[in-house]
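Hi there,

Here is the structure I promised to pass on to you. Have a look at it first, and then read on for what turned up.

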Amino acid sequence: MDNEEVKWPDQARCAVMLTFDLDAEITWLNECRSHPHGERFIKTPSLGQYGPLRALPRLLEILNRYELPATFFVPGWVAENYPQEFVSIAEKGHEIGHHGYTHERFVEKSTQEQRDIIDKSQRIFEKLIGKKAVGYRTPSGDWSHETPKILNELGFSFSSSMRGDDRPYRTIIEGKETDLIEIPAHWELDDYVQFAYSYFPAEPVGQGRISSHEHVYDNYRREFDGYHRFGLCYVLMMHPQVIGKPGRAVMLEHLIQYMKSRQDVWFATGSEIADWWRSRYEGGKAGK
Ligand SMILES: [Zn+2]
């Protein structure tokens, strides 16, 4: 499809996919383990606990107020440890996506290990909300060359893990276009890159950044203007523990109001975007 203009449902000019990675403290626990006595740290994991306990209800309320669907990628460990909070996401009609069990780096895992991790979280999802995830976002960086093949074989509908386009595409696996739709996301639309901060262990390494709300809002808004201008798929990649702080939640609300002020924006979940793409478009790209 190269530079052909994308057609979205109901003559919408562009698509917006609001995504939240509900990592809670599992990423911090993983990080702490590499420090002496890190398994005894209490303050650092509490940064993550803020996500499901304080930020999530606030964000769900905002989504509800503007009647917006979102996609939440949740590690199985988080669903298991915060069952009520996890179930509350699905009950509000949002989509649950797969995000590993303990936020593992898939690139470091064997094919069998990856299958086992996927299966373990799927069983937890089935037990808690009665269904498996059909979307996947690779946790902690990269996936392995086998990952898209595994996802496709297990019947996943989409992934939102790569960076190489600003439209969805069919993932090419072993030279063949498949039904596994990639919906790429971008660092400039990732709240973690803008705002995430911890003094010890250092996040980011080398320190720097708690970014100005004004600058981040401006970046997000201008990127939206660009996606709208060129008719693309705007994927906001957020973490409740980061974007759900009081001032940032209000910033997100202002951005939502700005995007909604355009009448021609299609707000959709990952599954809805993938289904639309599969029904309309051929054309893929290697998952690398
Ligand atoms: Zn994550």
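What percentage of the 288 residues of the protein count as buried? The answer is 40%. Please keep in mind that this is a predicted model.

Let's start with the whole chain. The protein has 11 helices and 10 strands. Its radius of gyration is 18 Å, close to the 19 Å that the globule rule gives for 288 residues, so the protein is as compact as a globular protein of that length. Along the principal axes, the C-alpha atoms fill a box of roughly 55 × 45 × 40 Å. Among contacts with a separation of 6 or more, 76% are between residues 24 or more positions apart.

Next, find strand β6, residues 169-173. Four of its five residues are buried, so β6 is largely enclosed by the rest of the structure. Strand β7 (residues 176-182) runs antiparallel to β6, and four bridges join the two. Across this pair, I173 stands opposite K176 in β7. Two residues lie between the strands of this hairpin, where E174 takes a positive phi near 50°.

Finally, turn to two helices, α8 (residues 213-230) and α10 (residues 246-261). Their axes come within 10 Å and cross at roughly 25°. An angle under 35 degrees counts as roughly parallel, so that is how α8 lies relative to α10. The crossing of these helices is right-handed. Residues of α8 that meet α10 include Y217, Y220 and F224, and on the α10 side they include M251, L255 and Y258.

Enjoy exploring!

Best wishes

Note on methods
Residues are numbered from 1 along each chain as its sequence is written. This is a predicted model: local features need pLDDT of at least 70, side-chain atom pairs count only at pLDDT 80 or more; totals for chains, interfaces and linings use all residues. The radius of gyration is taken over C-alpha atoms; the globule rule is 2.2 Å times the number of residues to the power 0.38. A residue is buried if 20 or more other C-beta atoms lie within 10 Å of its own, exposed if 12 or fewer, and partly exposed in between; C-beta atoms are placed from the backbone. Two residues are in contact if their C-beta atoms, placed from the backbone, lie within 7 Å. Two strands pair if DSSP finds at least two bridges between them. Axes are lines fitted to C-alpha atoms, for helices over the stretch in contact, and angles run from 0 to 180 degrees between N-to-C directions. Angles under 35 degrees count as roughly parallel, over 145 as roughly antiparallel, 65 to 115 as roughly perpendicular and the rest as oblique. A crossing is left-handed if the near helix is turned anticlockwise from the far one by less than a right angle, and right-handed if clockwise.
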